[in-house]
Amino acid sequence: MSTLTDSHMIALSRLLQFTDSTFPVGTFSFSNGLETASFENMVTNAETLKQLTWSQALQAAYSDGVAAIHAHRAFLRGDYDEIAVADNMLMLFKMNDEARLMLKRMGKKFAELAAKLFDDEIVIRWLKEIKDEKVPGTFPVAQGIAYAAAGVDEKALFCAHQYGVMNMVLSAALRCVKVSHYDTQKILFDLSEKVEELYGEASQMELKDMNAFFPELDILASLHEKGNMRMFMN
């Protein structure tokens with residue numbers, strides 16, 4: 001068994017902090033389409049919830065996850081322009097307004113927190129350009145920047161990203177689907193076994209290879225924009 005060094009312990013502490021449910025970026029406000037899926041009786045139990053959660057994880061891995069990895073690598077190289085490219089390209093893959101709003105709102109909040117935590121030129125510049133509307137400021141890119149600044153490697157970043165996507169759906173499910181904490185934790189436990197395989201694929205993808213084709217999710221989001229169910233923002 002390997003022994004944690006002091007630097008690894010600090011990085012692990014940062015990882016736990018950034019993935020904690022109380023980390024104030026607003027993830028609790030969103031359901032990633034689950035609310036509409038529940039309202040339309042598409043997700044009614046643990047099995048259908050698991051299917052939707054896995055679909056969300058797949059879509060996010062091949063778009064948000066790729067952008068996060070590239071932002072992480074670009075930060076370590078000191079390449080701000082590449083960070084901006086990843087940020088702008090990711091927005092091109094979001095077809096509905098609520099998905100774009102979610103990424104921008106959570107991303108800006110993370111950027112503001114990062115600017116408080118890190119005395120770093122790239123972090124400060126990125127927040128300024130978000131406020132000046134020169135970049136969209138997406139949440140996955142914020143993750144890539146902040147995790148790199150905190151000394152968290154890209155594998156851990158990708159794990160945190162996938163955990164966040166799945167946990168957002170599963171946490172929302174406790175409020176609008178007939179499932180228990182036991183159900184949601186079992187789903188998270190089972191699906192987490194697939195994260196390594198997803199990282200192996202996403203880590204080899206270029207920004208131009210990003211894809212997020214999942215029409216069912218976009219349809220659910222479009223229904224939610226004009227629907228009556230409003231526990232969550234999307």
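**Reading a predicted model**

Q: Why does asparagine 41 count as exposed?
A: In this predicted model, asparagine 41 has 60% relative accessibility. Exposed means over 50%. The value passes that cut-off, so asparagine 41 counts as exposed.

Q: Where is asparagine 41, and what is its phi?
A: Asparagine 41 sits in the loop between helix H2 (34-39) and helix H3 (46-61). Its phi is near 60 degrees, a positive value in a residue other than glycine. Most residues other than glycine have a negative phi.

Q: What makes glutamate 133 exposed?
A: Glutamate 133 has 72% relative accessibility. The cut-off is over 50%, so glutamate 133 counts as exposed. Glutamate 133 lies in the loop between helix H7 (121-131) and helix H8 (139-149). Its phi is near 60 degrees, a positive value.

Q: How do you know that the span of helix H4 agrees with its number of residues?
A: Helix H4 (residues 64-77) has 14 residues. At 1.5 Å a residue, they should span 20 Å. The end C-alpha atoms are 20 Å apart, so the two values agree.

Q: Why is H4 called mostly covered?
A: Buried means under 20% relative accessible area. Eleven of the 14 residues of H4 are buried, so H4 is mostly covered. Among them are Val66, Ile69 and Phe75.

Q: Which helix gives the largest share of the lining of the second largest pocket?
A: Helix H1 (residues 6-19) does, with five residues. The lining divides into six nonpolar residues, three polar and one charged.

Conventions. Residues numbered from 1 in each chain as written. Predicted model: local features only at pLDDT ≥ 70, side-chain atom pairs only at ≥ 80, totals over all residues. Heavy atoms only, no water. Helix = DSSP H or I, 4+ residues; strand = E, 2+ residues; numbered from the N terminus. Expected span 1.5 Å × (residues − 1). Buried < 20%, exposed > 50% of the residue type's maximum accessible area, 1.4 Å probe, protein only. Nonpolar A, V, L, I, M, F, W, Y, C, P; charged D, E, K, R; others polar.
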